[in-house]
Amino acid sequence: MRPSPRSRWSPRGGARGAAAAPAPGEPVDLRSDTVTLPTEAMRRAMAEAEVGDDVLDGDPTMRELEERVAGLLGAADALWTPTGSMANLIALMSRLGRGDSFLAPQGAHVLDFELGTAAWLAGGMPRPLPHDAGPGKVTASAVRRAAADDGFYASLRPVLLCLENTHNSAGGTVTAPEEHASVAAAARAARLSVHLDGARLWNAAVALGVPPGALTVGADTVAVCLSKGLGAPVGSVVAGSAEFVEYARRLRKMLGGGVRQGGVLAAAGLVALEDIDRLAEDHDLATRLAAGLRERGWRVREPQTNIVLVDVADVRGTIAAFAEAGVRAGAIAGKLRLMTHRDVGDKHIKAALDRIGEVGPSSTGSPGGPAPLPRTALGG
Ligand SMILES: *Cc1c(COP(=O)(O)O)cnc(C)c1O
């Protein structure tokens with residue numbers, strides 16, 4: 001089955017339309033929640049956006065978006081960035097220097113999927129922490145241990161903890177407010193700053209039924225994505241104190257991320273923010289997808305949000321077999337990754353399960369067992 005052109009867009013909004021069943025030759029794209037196409041409402045808002053020059057003296061629509069996100073996150077201020085990687089990098093650059101180290105849960109995006117920029121641009125030596133508190137989660141005691149500065153002049157100085165909620169490579173796992181707060185408090189007591197990579201913080205908030213601001217307690221800086229589950233074509237935001245944002249604006253310019261009439265992009269982000277609650281549908285569909293796969297003999301992690309991880313012996317082979325059957329999948333941390341998003345509905349999941357049913361776990365090498373593990377995360 002051939003992939004359909006990526007730019008296909010129907011004016012009904014929701015790209016191909018989550019409500020309609022996929023056409024017979026049309027693949028069901030579950031590689032990432034970043035594959036969504038902008039809705040009609042987003043395109044209209046972009047066309048009609050009030051704009052200025054955000055590098056010169058400000059753009060009203062960008063400002064509105066930044067203020068809105070700062071409010072949602074309980075932060076004093078916020079700054080738009082073109083990507084989540086830049087949002088994280090700005091937060092890390094604002095805190096790290098040569099000779100410093102930073103802690104992050106194993107498999108974190110800042111460790112594995114940002115080309116090591118935390119080290120070679122922000123200057124901090126990464127120190128991965130085990131998931132002692134469950135998938136994607138670290139314990140306060142591990143933070144305390146790792147944060148201990150031995151005072152020796154030749155030792156790295158731990159200065160920052162970077163958390164991730166939801167944790168992507170662990171399978172979209174959610175950290176609850178009290179867990180987050182106690183780990184953040186342990187870091188602060190050890191005089192570490194705390195950055196929260198909340199690319200999918202919206203998913204965590206919806207899964208827990210709490211406002212996003214309940215998940216940022218004790219964090220100095222927070223990064224969120226508008227272009228994942230929320231479906232904006234582009235945009236992330238990094239939030240923190242007013243002083244942080246003032247410095248972050250300089251760092252963003254340094255990295256080439258200052259944009260002029262950015263309101264055109266921010267307008268889509270504002271529309272995206274109206275749809276946070278809709279993420280519950282993605283989570284339901286992920287649960288249904290996982291159940292259907294399990295019924296068909298696949299070894300599936302129970303999803304907590306919109307990410308379904310499948311243990312397979314041959315990740316590459318399974319991706320190819322799925323693609324052949326008309327289902328596009330990705331890989332992360334040596335597992336098959338399927339993600340639900342706003343451009344797929346229950347008919348897509350049903351179609352995906354029917355198509356995968358023809359593949360079957362045994363035809364791609366039975367689940368489990370040793371296998372070469374590609375480390376490619378498709379679509380972040
Ligand atoms: C996608 C993602 C990012 C940012 O990715 P960009 O592609 O640079 O926008 C950051 N953190 C996590 C956990 C992510 O999944």
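Trainee: Why is threonine 216 counted as buried?

Mentor: Buried means under 20% relative accessible area, exposed over 50%, and partly exposed in between, with a 1.4 Å probe and protein chains only; threonine 216 has 9% relative accessibility and therefore counts as buried. This is a predicted model, in which local features need pLDDT of at least 70 and side-chain atom pairs count only at pLDDT 80 or more, while totals for chains, interfaces and linings use all residues. Residues are numbered from 1 along each chain as its sequence is written, and side-chain values use heavy atoms, with hydrogens and water left out.

Trainee: Where is threonine 216 placed, and what is it in contact with, leaving aside its neighbours within four places in sequence?

Mentor: Threonine 216 sits in the loop between H8 and strand E7 (221-225), where helices (H or I, at least four residues) and strands (E, at least two) are DSSP runs numbered from the N terminus. With contact taken as heavy atoms within 4.5 Å, and neighbours within four places in sequence left aside, threonine 216 touches Leu73, His180, Leu196, Leu201 and Val222.

Trainee: What makes the pair of glutamate 179 and lysine 137 a salt bridge?

Mentor: The rule asks for a side-chain nitrogen of Lys or Arg within 4 Å of a carboxyl oxygen of Asp or Glu, and the side chains of glutamate 179 and lysine 137 meet at 2.9 Å, N to O. The pair links distant parts of the chain, 42 residues apart, with glutamate 179 in helix H7 (residues 177-189) and lysine 137 in the loop between strand E4 (124-129) and helix H6 (140-147).

Trainee: Why is glutamate 179 called partly exposed, and why is lysine 137 called buried?

Mentor: Glutamate 179 counts as partly exposed because its relative accessibility is 29%, whereas lysine 137 is buried because its relative accessible area is 16%.

Trainee: What makes aspartate 346 and arginine 288 a salt bridge?

Mentor: Their closest N and O atoms are 3.9 Å apart, and the pair forms a salt bridge. Aspartate 346 lies in helix H13 (residues 346-359) and arginine 288 in helix H11, so the pair ties together parts that are 58 residues apart in sequence. Aspartate 346, at 45% relative accessibility, counts as partly exposed, and arginine 288, at 46%, also counts as partly exposed.

Trainee: How many salt bridges are there between domain 1 and domain 2?

Mentor: The count between domain 1 and domain 2 is 0 salt bridges, whereas a search of the whole structure finds 18. The domains, with bounds from an automatic or database domain assignment, are domain 1 (40-273) and domain 2 (277-378).
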